[in-house]
Amino acid sequence: MISKRQAFIWLSPFIVLVLLFFLVPLLYMLITSFQSNGAFTLQQYKTVLTNSYILQGFKNSITLSVVSAVIALIVTLFAVYAIMNFSEPMRERILILTNLTSNFSGIPLAFAFIVLLGNSGLFTLLFDKWGIGVLSSFSLYSWAGLLLIYIYFQMPLALMLLYPIYDGIQQQWKEVAALLGASTWKFWLKIGIPVMLPGIVGTFSVLFANAMGAYASAYALTNSNYNLVAIRIGSLIKGDIFAQPELASAIAVLLAVTMVLAMLLSEWSIAKTRRKL
């Protein structure tokens with residue numbers, strides 16, 4: 001056993017990293033959001049809450065995050081249920097592949113979709129040559145294209161989070177339910193889903209936060225043509241017209257507050273669900 005002092009020494013590099021790359025930027029963001037020309041002011045927050053364009057960015061981001069999280073969650077619930085029917089070695093291979101896929105995001109992901117489904121993408125040209133009109137009205141650079149990419153990078157994360165929850169459903173429960181005359185559908189409706197519900201709600205909150213903070217894929221796909229909160233923050237920091245880091249900090253603070261509220265709502269829902277079980 002190591003002493004507390006030794007443990008602190010071993011953890012000190014991690015503590016330094018947390019301070020430098022999380023707490024210090026967070027404090028700087030908070031302080032900057034209340035400044036204008038070096039003076040304390042609430043003008044940045046007033047601008048955010050009264051600017052229709054910024055509010056539209058919040059609306060678009062929340063809508064995109066909720067819809068992509070719900071779709072990814074529903075698809076993954078069925079996918080994990082199917083995976084549980086495979087042997088243990090096969091499940092491990094699928095999880096390894098899923099873990100690798102979850103790291104494929106950002107600009108490479110956007111480029112891959114452009115190559116496949118862009119205006120001159122492989123499938124776009126191939127379907128057009130074959131006379132298949134499936135992609136004739138689809139634009140990768142629209143809300144539908146963003147939703148498709150968001151669902152894609154949400155699904156591996158959802159699978160990694162939901163797999164342990166499914167694994168917690170013991171086989172004995174199913175056998176006992178079957179002996180008592182319960183069908184598979186009734187088992188999941190009365191036992192399986194209620195037991196998994198806290199984990200499902202928690203997974204949804206993680207997916208929502210993951211989508212709200214996504215920047216690289218959306219920017220690489222649409223540049224600044226689609227109004228999202230993360231893109232607005234990036235544009236204000238870079239200065240597409242002129243830099244406004246104070247306003248960007250205020251938007252980032254409100255974005256963080258939105259994520260925290262979503263997490264708190266999730267925790268409340270989980271606690272309420274567990275009390276009913």
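User: What is the handedness of the α3 and α9 crossing?

Analyst: The crossing of α3 and α9 is right-handed. This is a predicted model, and the pair packs at an angle of about 140° with the axes 9 Å apart.

User: Which residues in α3 and α9 meet?

Analyst: On the α3 side they are Ser61, Ile62, Ser65, Val66, Ser68, Ala69, Val70, Leu73, Leu77 and Tyr81. On the α9 side they are Thr184, Trp188, Met196, Ile200, Thr203, Phe204, Leu207, Phe208, Ala211 and Met212.

User: And by class, how many are nonpolar, polar or charged?

Analyst: The contact of α3 with α9 has 15 nonpolar and five polar residues, and no charged ones.

User: α9 also packs with α8. What angle and axis distance there?

Analyst: About 155°, with the axes 11 Å apart. That angle is over 145°, so α8 is roughly antiparallel to α9. The crossing is right-handed.

User: Which residues make that contact?

Analyst: Trp173, Lys174 and Ala177 come from α8, and Phe187, Trp188, Ile191 and Val195 from α9. By class, six are nonpolar, one is charged and none is polar. Trp188 is listed in this contact, and Trp188 is also listed in the contact of α9 with α3.

User: Where is confidence lowest and where is it highest?

Analyst: Lowest in α8, residues 171–179, at a mean of 75. It is highest in α3, residues 52–83, at 92. For the whole protein chain the mean pLDDT is 85, and 96% of the residues reach 70 or more.

User: What makes the contact between α5 and α7?

Analyst: Leu109, Ala110, Phe113 and Leu117 of α5 and Leu148, Ile149, Tyr152 and Phe153 of α7. By class that gives eight nonpolar residues, with no polar and no charged ones.

User: Switching to rings. How many aromatic pairs are there?

Analyst: Seven, counting ring centres within 6.5 Å. One of them is Tyr81 with Tyr166.

User: Is the Tyr81 and Tyr166 pair stacked, edge-to-face or tilted, and why?

Analyst: The ring centres are 6.5 Å apart and the planes are at 50°, so the pair is tilted. Stacked would need under 30 degrees and edge-to-face over 60.

User: Where do those two tyrosines sit in the chain?

Analyst: Tyr81 is in α3 and Tyr166 is in α7, residues 143–167. The two are 85 residues apart, and the pair links distant parts of the chain. Tyr81 is also among the α3 residues that meet α9.

User: Last topic, the overall layout. How many helices and strands, and in what order?

Analyst: The protein chain has twelve helices and two strands.

User: What box do the C-alpha atoms fill?

Analyst: Roughly 75 × 70 × 35 Å, taken along the principal axes.

Definitions and conventions. Residues numbered from 1 in each chain as written. Predicted model: local features only at pLDDT ≥ 70, side-chain atom pairs only at ≥ 80, totals over all residues. Heavy atoms only, no water. Axes fitted to C-alpha atoms, helices over the stretch in contact; angles between N-to-C directions. Helix = DSSP H or I, 4+ residues; strand = E, 2+ residues; numbered from the N terminus. Parallel < 35°, antiparallel > 145°, perpendicular 65-115°, else oblique. Left-handed = near helix turned anticlockwise from the far one by under 90°. Contact = heavy atoms within 4.5 Å. Nonpolar A, V, L, I, M, F, W, Y, C, P; charged D, E, K, R; others polar. pLDDT = per-residue confidence, 0-100. Phe/Tyr/Trp six-rings, centres within 6.5 Å; stacked < 30°, edge-to-face > 60°.
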